Amino acid sequence: MINYTYEPENKRVAAYLDDGTETGELTYIVREDGAWVANHTFVDPSQRGKNIAAYMLDLFIEVAREAGVKIKPLCPYIVKAMVGKEEYADIVVE
């Protein structure tokens, strides 16, 4: 099982295996206007193909919506997943 955690102190969402080994991360920076710039997504090669990046992105979007924050996709994975999608029109900014 993989556990997903929002770590605001590190400005990221992380994925951990049951034994505590980190297997993925989605990082962001905060712009002057408060928007979160999603700038990096990584999943350990041994764990790819398990939708880990998608689950991290889901948690990231959930947290941003709860906080009332907009997201600027910068990482190519996140751009592809979010830009131009109607379900994210309320949260994506340039």
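Trainee: How many salt bridges does the structure hold?
Mentor: The structure holds 6. Keep in mind that this is a predicted model.

Trainee: Start with Arg12. Which side chain does Arg12 meet in a salt bridge?
Mentor: Glu25. The N to O distance is 2.7 Å.

Trainee: Are Arg12 and Glu25 buried or exposed?
Mentor: Arg12 is buried. Glu25 is buried too.

Trainee: What about Asp33? Which residue is its salt-bridge partner?
Mentor: Arg31. Their closest N and O atoms are 2.7 Å apart.

Trainee: Why does Asp33 count as exposed?
Mentor: Because its relative accessibility is 55%, and the exposed class begins over 50%.

Trainee: And how exposed is Arg31?
Mentor: Arg31 is partly exposed, at a relative accessible area of 25%.

Trainee: Let's move to Arg65. Which residue does its side chain meet in a salt bridge?
Mentor: Asp90, again in a salt bridge, at 2.7 Å from N to O. This pair links distant parts of the chain. Arg65 is in helix H1, residues 52–67. Asp90 is in the segment after helix H2, which covers 76–82. They are 25 residues apart.

Trainee: What are the relative accessible areas of that pair?
Mentor: Arg65 has 36% and is partly exposed. Asp90 has 42% and is partly exposed.

Trainee: New topic, H1. How many residues does H1 have, and how far does H1 reach?
Mentor: H1 has 16 residues. From first C-alpha to last, H1 reaches 23 Å. That is close to the 22 Å expected at 1.5 Å a residue.

Trainee: Which residues of H1 are buried?
Mentor: Ile52, Ala53, Met56, Leu57, Leu59, Phe60, Ile61, Val63 and Ala64.

Trainee: What covers them?
Mentor: The cover includes several strands and a helix. Among the strands are E1 (2–7), E2, E3, E4 (36–43) and E5 (71–73). The helix is H2.

Trainee: Last one. What follows H1?
Mentor: Gly68. Its phi is positive, near 70 degrees.

Notes. Residues are numbered from 1 along each chain as its sequence is written. This is a predicted model: local features need pLDDT of at least 70, side-chain atom pairs count only at pLDDT 80 or more; totals for chains, interfaces and linings use all residues. Side-chain values use heavy atoms; hydrogens and water are left out. A salt bridge is a side-chain nitrogen of Lys or Arg within 4 Å of a carboxyl oxygen of Asp or Glu. Buried means under 20% relative accessible area, exposed over 50%, partly exposed in between (1.4 Å probe, protein chains only). Helices (H or I, at least four residues) and strands (E, at least two) are DSSP runs, numbered from the N terminus. The expected span of a helix is 1.5 Å times one less than its number of residues. Contact means heavy atoms within 4.5 Å.
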